[in-house]
Amino acid sequence: MDKIKIGILGASRGMDFSNRILKNYEYACLTAVCESYDVLREKTDIFLKENGFEAKCYENYDEFLDSGIDAVIIANFANEHFEYAIRALEKGIHVYSEVQPVQTIAEACALCDAVEKSGCVYAYGENYCYSDSVMALRQFCEDGTVGEIVCMEGTFINDCSAKWHLLTRGIRDHWRNYVPSTFYCTHSIGPLFFATGRRAIRVNGLEIPRMDYMAEKGARSGSAGMEVMELDNGGIARSLNGNLRHPYEASFRLIGSNGSLKGDSGCLQVLKRNGDFTYDIQKIPLTYKKYKYRPTGEEKFVANGDYTAFGYFIGSILGDEEGKKYSIDIYSALDMALPGLLAYRSIVDGGKPYEVPDLRDMGVRDKYRNDHYSTDPRTVEEFRLPTTKNGNPDVDDDIYTSIQRHFAEVNLKPGMN
């Protein structure tokens, strides 16, 4: 069988992914990279040769798409995946999109249209859904171990302030400096919905103000956000995500009609009612089940969700039923992402609840085709939202100049993100 030819858009995150996932992979190979930043593009050429990849690095995206690739990994700026995904789909190229799929609901509608028209595989690379603990959560939900899930909690805390210069390079309008506090929500919402098969039908948003430690880095958004959701089965869920002064945390709890499930330090904790008012607590060590098309990686990465997520994408392309079952399609991706976009609308509107549309329905989709609301500075004024609930903070250019100097001192390498 010929290997599936993979192209990567974005050498920062993309080269790290390729070196871990695509090196010596039985079913796919890297043949092209697209990177617009000239300094990084030159270093990527060297990186590819030194690491044994027979791949060419392109500056122009159209030339990259026409290079003969079968599938593309979209790993550019997180709020710009939409356009590049559509351009690939229009050329019959399968798409694996890193977070986030879109930054507006109008983009979400157009992306659904493009996926359906293309007949190609679209997979969302929400790798937190494929950790060993979340895969185990899903299995217990499918088995009905604790009954119907009626309450869910997801948390993703990652204080990136110390590496903000690496992430934003001192660019005033880098996406991380202005996206809503609830934008980067699928690391906390995604695993909840992936495990249970549920989706939100209504959402309210809450925001933590812009903290000093982020303001001094040039960030213009609230430092963390919360999505409080009503689910399609009448249950409730809450998601917390952002740059908080707290150790890194990605945790999930599911409460059902007869018990609860919670990830806990390398094992899954199951609390199940035993017939009276007490609960049996069972701790189950996690073992990692390797999927047929999963890439083989170093032992320290065996539980890394990227391996399994990408394997299911490849399996889907090859028509494997398990791949199709566990790969996150466009509709499920939007179920994970849209609550964050709409929670921010709720924040700006003083906590007003917003309905979360199910874009599987073309009639529903048609109602949102002109919904372009965004905090992106490029958005037309009619649809432009403030970057915090209290408006748009002023940031002196000297802050960005200082961060640019700090970034210039870094020995930039492909794979840094």
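Biologist: Leaving aside neighbours within four places in sequence, which residues is Gly-125 in contact with?

Modeller: Tyr-96 and Ser-97. Contact needs heavy atoms within 4.5 Å. This is a predicted model. Gly-125 sits in the loop between β6 (122–124) and α6 (132–143).

Biologist: Why is Gly-125 called buried?

Modeller: Its relative accessible area is 8%. Buried means under 20%. Gly-125 is therefore buried.

Biologist: How far apart are Gly-125 and Ile-73, in sequence and in space?

Modeller: They are 52 residues apart in sequence. In space, C-alpha to C-alpha, the separation is 9.1 Å.

Biologist: What makes Phe-310 and Phe-313 an aromatic pair?

Modeller: Two numbers describe any such pair. They are the distance of the centres and the angle of the planes. For Phe-310 and Phe-313 the centres are 5.8 Å apart. The limit is 6.5 Å. So the two rings pair.

Biologist: Why is the pair of Phe-310 and Phe-313 called tilted?

Modeller: The planes of Phe-310 and Phe-313 make 50 degrees. Stacked needs under 30, and edge-to-face needs over 60.

Biologist: Where do Phe-310 and Phe-313 lie?

Modeller: Both are in helix α11 (residues 305–317), 3 residues apart. That is about one turn of the helix. An α-helix has 3.6 residues a turn, so residues three or four places apart point the same way. Phe-310 and Phe-313 are both buried.

Biologist: How many aromatic pairs does the structure hold?

Modeller: It holds 21. Ring pairs link a cluster that includes Phe-310 and Phe-313. Among the other members are Phe-17, Tyr-96, Phe-194 and Tyr-326.

Biologist: How do you know that Arg-138 lies over the face of Phe-194?

Modeller: Arg-138 is 4.5 Å from the ring centre. The charge must be within 6 Å of the centre and within 35 degrees of the ring normal. Arg-138 counts as lying over the face of Phe-194. Arg-245 likewise lies over the face of Tyr-213, at 3.8 Å from the ring centre.

Biologist: What is the volume of the largest pocket, and which residues are closest to its centre?

Modeller: The volume is about 860 Å³. Of the 39 lining residues, Phe-156, Asn-158, Arg-176, Tyr-184 and His-187 are closest to the centre. Elements giving two or more lining residues include α7 (164–168), α8 (175–178) and β10 (236–242). The largest share, 4 residues, comes from α1.

Biologist: What classes of residue make up the lining of the largest pocket?

Modeller: The lining has 16 nonpolar, 15 polar and 8 charged residues.

Biologist: What lines the second largest pocket?

Modeller: That pocket holds about 600 Å³ of space. It is lined by 33 residues. Nearest its centre are Glu-35, Ala-75, Asn-76, Phe-77 and Arg-169. By class, the lining has 18 nonpolar, 8 polar and 7 charged residues.

Biologist: Which helix gives the most to the lining of the second largest pocket?

Modeller: α1, with 3 residues. Helices α4 (81–90), α7 and α8 are among those that each supply at least two.

Key
Residues numbered from 1 in each chain as written. Predicted model: local features only at pLDDT ≥ 70, side-chain atom pairs only at ≥ 80, totals over all residues. Heavy atoms only, no water. Phe/Tyr/Trp six-rings, centres within 6.5 Å; stacked < 30°, edge-to-face > 60°. Buried < 20%, exposed > 50% of the residue type's maximum accessible area, 1.4 Å probe, protein only. 1 Å grid on protein atoms, 1.4 Å probe; cavity = no way out; pocket = protein on both sides within 12 Å on 5 of 7 lines; lining within 4 Å. Points joined across faces, edges and corners; volume = space filled by probe spheres on them. Nonpolar A, V, L, I, M, F, W, Y, C, P; charged D, E, K, R; others polar.
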